[in-house]
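Please look over the model below before reading my points.

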Amino acid sequence: MLGGLSSCFILLGSSLLYINSGTTSLEAIYLINSISEISFSSLPVLSDNINIDYSSSLYKPYYMHLSLIILAVGFLFKVSAAPFHFWSPDVYDAIPTIVTTFVAIIAKISIFIFFLELVYYTCGGDYKSFAVFSWSNCLLISSLASLIIGSILGLVQKRIKRLYAYSTISHVGFILLGLSVNSVESVQAYIFYIIVYTISNLNAFLILLAIGYSLFIYVNNNEDYTNIQTVGLSNTSLEPLKRDTLDKNNSPIQLISELKGYFYINPYLAVSLAITLFSFVGVPPLFGFFAKQMILSAALDSGYFFITLVAILTSVIGAVYYLGLIKQIFFFSSDYKLNPSINAYNSTLVNNIVLSSGLTLSISMITLTLIAFIFTPNEWLNVANILTILLFNS
């Protein structure tokens, strides 16, 4: 329902934009903005008998301003930016983890790229004559709200995917901050942050999936495992157990407490998740530190001192729940033990259980990428530089 509502905002904004300017081409809108300060009353009259009212026949600048605000609101719904974020935690938590991965990453990247083009092509004109502030300043307001809400509300979460949702909202705040500054340096930081966001979030969700699969032969000492005992074990096939695990809302790991002591079960996945979380926090010299540093530097250079201070404070607050996850994983003993029914039925079953090669290879490559950035940062920074140069030279 909210997706349909946001689509209505997008269609309304697009319609008003077309009615006002006669085009939906971003290049044409850029040209219109560039000449928006021309005094049409000074244009010559065609003849004594023909008097054209140029001011009424051409577009109204404040209509375009309003159209872009409505259009932006619709897309802010899609990327779950505050104050239009309220659907995000519930949806993230209720859908299968693999679908959450798609929603949290792929569905947002295209919108962020469109936002970059929209800001670039529509913020060239002088808006002071017809609006209190540029339409893109609504992105700045959304950035401020996202930073605060994503950090503060994440502190009270007990469910892992709801925590990921508020983490995403906080990252969206940083991304929108880089977009709102709208300078060459900020665009470079914006593109680089999107790259970091994509890689880190993909790794975090893949590790969450892998942890869920790796625990399906374990039971928690505080939970009943009779539901697994009833699964038919007529052979050594793992499919019955897999179905039983995936029936738990297709998300085997749902609570943060389920990660308690996981380091003692699979230290490799635990260390990979810790590296990813440290990147989220912005611990130097990992990916996330340089992404946040570039965004904050661009904001300071453009005079956004207040929101930069808010971003620093909320980043420190957000580190609390990231480090809380690491504390659960590394500094507590595990409550898990092998399922007695499985162990009694077939002792060789445990030894034959491995994660799929595709999943382990993906996690390994992404984690190594996060680590390799420490030694070869120039290559990734050059990618952001090249994309920025291509945009500004187009």
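1. Start where helix α13 ends. Gly282 follows α13, and its phi is positive, near 100°. Keep in mind that this is a predicted model.

2. Now the helix itself. α13 covers residues 267–281, which makes 15 residues. At 1.5 Å a residue, α13 should span 21 Å.

3. Is α13 enclosed or open? It is largely enclosed by the rest of the structure, because 11 of its 15 residues are buried. Among the buried ones are Leu269, Leu273, Ile275, Leu277, Phe280 and Val281. The list also includes Ser272, Thr276 and Ser279.

4. What do the buried residues of α13 pack against? Their partners are α9 (160–181), α10 (184–214), α14 (287–301), α15 (305–330) and α18 (357–372).

5. Step back to the whole protein. It has 19 helices and two strands. Of its 394 residues, 50% are buried. Among contacts with a separation of 6 or more, 81% join residues 24 or more positions apart. The accessible surface comes to about 18400 Å². Carbon and sulfur atoms hold 65% of that surface.

6. Is Val79 buried or exposed? Its relative accessible area is 0%, under the 20% cut-off, so Val79 counts as buried. Leaving out residues up to four places away in sequence, Val79 touches Lys108, Ile111, Phe112 and Val172. Take Ile111: it is 32 residues from Val79 in sequence, yet the two C-alpha atoms are 7.3 Å apart in space.

7. Next, a patch on the surface. Ile148, Ile152, Leu153, Leu155, Val156 and Val320 form a nonpolar patch there. Together they have about 490 Å² of accessible area. Ile148 belongs to helix α8 (residues 137–152). Its relative accessibility is 38%, which lies between 20% and 50%, so Ile148 counts as partly exposed.

8. Last, the cysteines. How many disulfides does a search of the whole structure find? The search finds zero. Cys8 and Cys138 can still be described by their accessibility. Cys8 is partly exposed, at 48% relative accessibility. Cys138 is buried, with a relative accessible area of 16%.

Methods. Residues numbered from 1 in each chain as written. Predicted model: local features only at pLDDT ≥ 70, side-chain atom pairs only at ≥ 80, totals over all residues. Heavy atoms only, no water. Disulfide = S-S within 2.5 Å. Buried < 20%, exposed > 50% of the residue type's maximum accessible area, 1.4 Å probe, protein only. Patch = residues over 30% accessible without salt bridge, like charges linked within 9 Å, V, L, I, M, F, W, Y side chains within 5 Å. Areas by Shrake-Rupley, 256 points an atom, 1.4 Å probe, with all protein chains shown as cover. Salt bridge = Lys/Arg side-chain N within 4 Å of Asp/Glu carboxyl O. Helix = DSSP H or I, 4+ residues; strand = E, 2+ residues; numbered from the N terminus. Expected span 1.5 Å × (residues − 1). Contact = heavy atoms within 4.5 Å.
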